[in-house]
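Please look over the model below with its strands and its chain contact in mind. The report that follows takes these topics in turn.

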There are 2 protein chains.
Amino acid sequence: MADNLHFKYARWQKLPLPAVSLTGGFWSQWQDLNRRVTLHHGYRILEEAGNLQNFRIAAGLSEGSYQGQIFNDSDVYKWLEAVGYELHTHPNAELQRQADEVIDLVAAAQQSDGYLNTYYQVAEPGRRWTDLDFGHELYCAGHLFQGTAAYTRATHTTKLLGIATRFADLICDTFGPDKRQSACGHPEVEMALVELYRLTGKVSYLELAKFFIGQRGQGRMRGWGWLGASYHQDRVPVREAVEIEGHAVRAMYLNAGVADLYLETKEATLLTALERQWEDLVSGKLFLTGGVGARYEGEAFGAPYELPSDQCYCETCAAIGSVMWNWRMLLITGEGRFADLIERTLYNGILSGLALDGQHFFYINPLLSRGGYARQRWYPVFCCPPNIMRLLASLGQYFATRDEAGLQIHLYNTATLQADLGSERAVALKMQTDYPWHGQVAISIEETDGLPWTLRLRVPEWTQSVTVTLNQQVIEKPQTDLGYLMLERAWQAGDVVELAFSIEPFIVEPHPRVDAVRGSVAIQRGPLVYCLEAADHPGVDLMDIQLDEAAPLPTQWREDLLPTGIMTVRMKGYVLQMDEQRNHLYRRLDSHGKLSRRPIQLTAIPYYAWANRGAQAMRVWIPRAVTLSGG
Amino acid sequence: MADNLHFKYARWQKLPLPAVSLTGGFWSQWQDLNRRVTLHHGYRILEEAGNLQNFRIAAGLSEGSYQGQIFNDSDVYKWLEAVGYELHTHPNAELQRQADEVIDLVAAAQQSDGYLNTYYQVAEPGRRWTDLDFGHELYCAGHLFQGTAAYTRATHTTKLLGIATRFADLICDTFGPDKRQSACGHPEVEMALVELYRLTGKVSYLELAKFFIGQRGQGRMRGWGWLGASYHQDRVPVREAVEIEGHAVRAMYLNAGVADLYLETKEATLLTALERQWEDLVSGKLFLTGGVGARYEGEAFGAPYELPSDQCYCETCAAIGSVMWNWRMLLITGEGRFADLIERTLYNGILSGLALDGQHFFYINPLLSRGGYARQRWYPVFCCPPNIMRLLASLGQYFATRDEAGLQIHLYNTATLQADLGSERAVALKMQTDYPWHGQVAISIEETDGLPWTLRLRVPEWTQSVTVTLNQQVIEKPQTDLGYLMLERAWQAGDVVELAFSIEPFIVEPHPRVDAVRGSVAIQRGPLVYCLEAADHPGVDLMDIQLDEAAPLPTQWREDLLPTGIMTVRMKGYVLQMDEQRNHLYRRLDSHGKLSRRPIQLTAIPYYAWANRGAQAMRVWIPRAVTLSGG
């Protein structure tokens with residue numbers, strides 16, 4: 001094992017997972033929920049739904065037929081990955097025991113030549129590698145490799161690593177320039193192979209990732225439905241891609257893998273292709289929540305500006321994949337815009353995926369519900385829940401990075417941070433904040449060597465002003481770069497930097513080409529997108545509401561409204577009074593007067609918190625009381 | 001054979017197909033195109049795509065494996081049905097020969113016990129009736145029966161009838177209260193069995209239709225995707241249905257079958273269930289074009305007011321199914337609102353399905369295209385094209401009905417009409433009109449017996465006034481009933497009724513709850529919905545256009561624009577000038593001024609005619625230059 005966390009061509013370097021501890025506040029609550037509830041729920045589901053039984057059957061330890069989706073092994077591996085992160089920061093005997101049992105099962109199921117996929121072993125023996133387009137074998141292998149990296153780094157054990165490398169070696173023997181020419185219809189193995197290369201130092205894994213990335217866009221895959229080859233990013237070669245398209249999770253995972261390949265090879269065409277797609281994403285295909293995937297059909301991206309509120313897909317996994325990709329873009333470029341998108345996605349499009357009880361999940365995260373849509377404890381396709389588990393367990397990794405010049409802080413939460421800046425220059429910091437509810441952040445230097453280094457602090461895109469003090473002295477016109485404040489200094493233990501971001505609620509309007517939300521606006525405060533939920537507006541149909549955008553937007557902390565407490569935003573608006581005439585679906589424009597409306601006090605809650613009081617109607621985008629189109 | 005066109009409980013009775021001849025004008029052009037081009041194209045496709053070959057293989061006349069979709073037999077039967085209608089009104093030796101060859105193949109493929117389905121015979125022998133939910137066997141049988149009814153009435157031959165009744169008898173022996181308890185996942189056989197009952201007089205077919213209709217909503221079907229049991233109208237029993245839901249073609253075909261059952265049994269619960277669903281349809285789930293099916297996902301209805309312009313499905317088959325259902329509702333009730341919807345659907349949501357060249361088809365009919373969407377000569381699922389063929393070939397049947405009191409005219413086109421009002425009271429009329437381009441219709445009585453009878457003439461929903469003259473004398477305040485003018489008189493040959501419907505273009509606004517087109521309006525003239533197409537607005541992105549709704553809407557006949565000539569509507573509007581600031585997908589509301597815009601002259605064309613000049617961008621709903629939401 002040659003575990004290497006130094007990404008060769010990263011501008012900023014990852015910290016080891018335990019370097020950042022979220023010790024209180026917002027995200028600490030969620031990590032704690034994951035630790036107490038969600039991870040255990042995940043294990044129960046893997047048993048109930050037959051995922052673990054599939055391994056027993058494949059191992060010859062049980063009789064029976066294969067259960068569930070063709071890619072059910074991946075749920076097991078994602079859960080293992082989550083447990084790996086958890087054990088790395090919070091050792092836990094029960095999780096350790098469960099994980100070791102699962103690993104024993106995985107080991108028992110592996111075939112003598114290294115092959116491992118319980119679907120093909122149990123349900124379609126003899127047919128391995130016969131349906132790369134839809135069979136998900138390499139996808140499952142990728143999740144095994146990612147789980148292995150997390151678990152091995154946490155425990156320094158080698159059992160899972162042995163399983164993974166035997167399988168990876170078989171894959172290396174099977175696929176390649178002079179061997180089988182194809183790639184998995186669902187990208188995933190690419191980033192996983194790069195990670196396994198980092199873990200083991202084995203160059204053939206990196207080379208295979210590069211090979212798989214080069215296989216797309218050759219017109220070999222069968223395509224899917226109306227989307228055809230774009231469904232699995234096979235319409236054009238990766239290096240020529242301009243548009244972000246097709247199945248959203250596939251696109252995000254692929255781009256994370258391509259970014260990983262760039263991080264180890266610096267092949268410029270890869271980065272420019274990623275940057276083109278990123279521009280395409282943020283200029284027309286991104287939901288306000290950070291959600292991605294406009295269409296149920298193929299769980300896919302739509303056309304530019306095709307961003308429906310009700311029938312958007314915004315799969316939780318796709319949002320998580322977006323964070324994975326944007327994280328790598330941030331490491332490559334050091335540009336705050338990628339961290340901004342990570343933050344937007346974490347607080348909104350991902351967090352909505354998990355109920356406040358820690359054991360119900362959204363697969364799809366719409367921005368408008370007419371009611372009746374609820375989180376489920378299980379889905380036949382159970383990809384999202386263990387994805388949330390691994391994200392929350394590894395969340396600390398996204399908070400800070402280092403380079404030889406210093407430390408970069410990308411996200412804010414009460415936390416402790418430690419880093420080695422190189423040449424054994426150890427630094428340690430404490431961060432104290434009520435973010436995202438309040439805009440103040442205090443960062444104290446706990447340990448440093450007295451020599452100068454630079455502390456970079458991201459200025460979030462949503463703030464209109466930031467005040468910076470050092471030891472209670474305001475720093476006038478602090479230096480900034482790429483979205484970060486740059487504070488260079490011979491830091492001393494006891495130094496305290498305080499940030500105050502202005503965090504008043506504000507109104508967001510969409511690009512005029514976003515047809516689906518024309519004439520509507522949304523409320524945001526800090527990184528949180530807000531929504532109206534029917535629970536706070538009894539007797540009112542949310543479809544009939546308009547916002548008086550000229551009125552003030554006072555906030556109110558409501559400890560009582562939801563278990564964790566939330567900051568609400570109050571607004572003035574109107575309820576349209578429907579009448580008989582108006583009940584026509586279509587009518588002549590000139591045949592009516594103005595609809596009467598009555599004033600109403602509106603209460604907005606953070607989007608992530610909706611549907612925790614029943615399957616309520618909800619809307620993020622609110623029609624404006626008076627709209628000048630394009631004005 | 002006991003061919004019976006008298007529907008026992010119809011308020012108005014169908015005329016035999018040859019009773020109405022469309023002898024000129026709008027629909028005559030389309031029928032002629034169908035006759036000259038489309039039907040022949042259909043035959044070629046059935047050969048090219050392997051549909052006919054499947055029959056040869058099933059018959060043992062050829063070797064090979066089954067080609068295409070599981071329900072490919074139905075394309076053959078729908079084509080046969082279309083040819084049947086065509087031969088009934090326009091005998092044609094080539095079509096007759098092709099049809100007879102096809103019937104010989106169908107006969108050769110039928111198994112000795114009457115079973116007939118080339119997919120199950122060739123690809124899954126021994127597995128007949130094992131997957132009623134998705135296997136489409138009864139669906140294909142239904143299309144055989146409908147084709148048989150059309151062909152048999154046209155030719156008075158019995159070969160196809162023998163095939164159909166042998167199969168129907170086998171189905172009667174297989175399914176029923178004391179036999180197999182299930183129904184086909186795709187409704188179709190219900191209306192077909194009622195039709196076969198009408199053709200043969202065999203009551204067991206009617207009883208089986210009733211049995212199948214009763215099978216739904218028992219929770220037996222597997223359901224599909226996120227839609228579950230609602231996908232195939234299996235969530236609630238047919239008699240309890242309130243919402244129109246699930247796969248749109250399935251819903252329309254089922255309701256046509258239920259209406260057929262009512263027409264022969266007068267079971268009141270059936271009609272009230274249909275009326276409830278119809279209200280649900282027109283109050284929130286109907287597109288302006290008459291298209292139905294809001295979602296790609298499951299090709300299905302969405303929630304009330306979920307009516308996206310771009311990602312609507314509006315399958316051509318579903319619109320045709322809507323006409324089938326509404327036609328039966330019209331026969332049952334005599335209410336003009338059903339004929340209004342038939343007209344809206346024919347001129348817009350169906351007609352867009354066929355190119356002006358007669359051999360390219362839309363499967364999906366969106367109300368907004370950002371460009372790149374074109375009709376295809378073939379689809380892997382080829383259901384829509386032969387559906388258009390049978391609709392056009394049988395179009396005359398929808399124009400008029402009779403009862404003992406007289407004749408009812410529902411649609412307008414240059415035509416000759418003949419009817420027997422009962423007791424051998426033969427009447428004949430001529431209709432002359434430039435409808436839908438102009439609002440004048442002249443109807444002359446050609447033959448009558450001198451005794452009084454009532455001529456009913458539908459007043460279309462879109463007109464704001466109608467002038468009626470009899471022999472050039474204006475009839476002041478003519479009697480009306482259920483959307484029809486009622487002219488009772490001892491008619492004489494040579495009498496001429498002239499109608500003048502006001503037909504100025506007008507602006508349509510949607511219900512304020514239709515989120516997807518908020519702040520937008522559409523243009524309609526007569527029954528035609530209009531659209532903007534990029535071809536008429538070079539250099540302009542249609543997404544940036546606004547309509548000045550206060551400006552006049554002059555019309556202009558353009559012989560040159562498209563092969564058939566069309567009436568255009570001219571409008572004033574604006575093009576928004578995008579700027580750098582505005583290119584953000586989301587931004588603070590208060591951070592910009594009003595976008596600048598330049599005036600533009602807009603040209604709207606009938607919706608059905610779009611995409612005949614390349615795969616142009618197109619939009620039906622146009623943002624208003626100034627919008628008072630809900631005002």
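Which residue stands opposite A:Leu547 in β20(A)? The residue in question is A:Gly573, and the strands around this pair are described below.

## Basis of the model

This is a predicted model, in which local features need pLDDT of at least 70 and side-chain atom pairs count only at pLDDT 80 or more, while totals for chains, interfaces and linings use all residues. Residues are numbered from 1 along each chain as its sequence is written, chains are lettered from A and ligands numbered from 1 in the order in which they are written, and side-chain values use heavy atoms, with hydrogens and water left out.

## Strand β20 of chain A

Strand β20 of chain A covers residues 566-576, where strands (E, at least two residues) and helices (H or I, at least four) are DSSP runs numbered from the N terminus. Nine of its eleven residues are buried, that is, under 20% relative accessible area with a 1.4 Å probe and protein chains only, whereas exposed means over 50% and partly exposed lies in between.

Several strands pair with β20(A), pairing being assigned if DSSP finds at least two bridges between two strands. Strand β18 (residues 545-547) of chain A runs antiparallel to β20(A) and is joined to it by three bridges, while β19 (residues 555-558) of chain A pairs with β20(A) in the antiparallel sense over four bridges, with A:Gln556 opposite A:Thr568. Strand β22 (residues 597-606) of chain A is likewise antiparallel to β20(A), through eight bridges, and here A:Val569 has A:Ala604 as its bridge partner.

## The contact between chains A and B

Each side of the contact (heavy atoms within 4.5 Å) is made up of 72 residues, from chain B and from chain A. The two chains bury about 5,900 Å² between them, 53% of it on carbon and sulfur atoms; buried area is the accessible area (1.4 Å probe) that two parts lose on being put together, summed over both. In chain B, the residues that lose the most area to chain A are B:Leu585, B:Tyr586 and B:Arg588, together 15% of what that side buries.

Ten salt bridges are counted between chain B and chain A, a salt bridge being a side-chain nitrogen of Lys or Arg within 4 Å of a carboxyl oxygen of Asp or Glu. One of them links A:Arg619 with B:Asp515, whose closest N and O atoms are 2.7 Å apart. Strand pairing also crosses between the chains, since β15 (residues 506-510) of chain A and β21(B) pair in the antiparallel sense over three bridges, and A:Pro510 stands opposite B:Tyr586 in β21(B).

## Backbone features in loops

In chain A, the peptide bond between A:Tyr435 and A:Pro436 is cis, with omega about 5°, and A:Pro436 lies in the loop between β7 (426-433) and β8 (440-447). In chain B, the bond from B:Tyr435 to B:Pro436 is cis, with omega near 5°, and B:Pro436 is found in the loop between β7 (426-433) and β8 (440-447) of that chain.

Two residues of chain B may be set side by side here. B:Lys477, not a glycine, has a positive phi of about 45°; this residue lies in the loop between β11 (473-474) and β12 (480-481) and counts as exposed because its relative accessibility is 82%. B:Ala611, also not a glycine, has a positive phi of about 65° and is placed in the loop between β22 (597-606) and β23 (618-619), but B:Ala611 is buried, with a relative accessible area of 12%.
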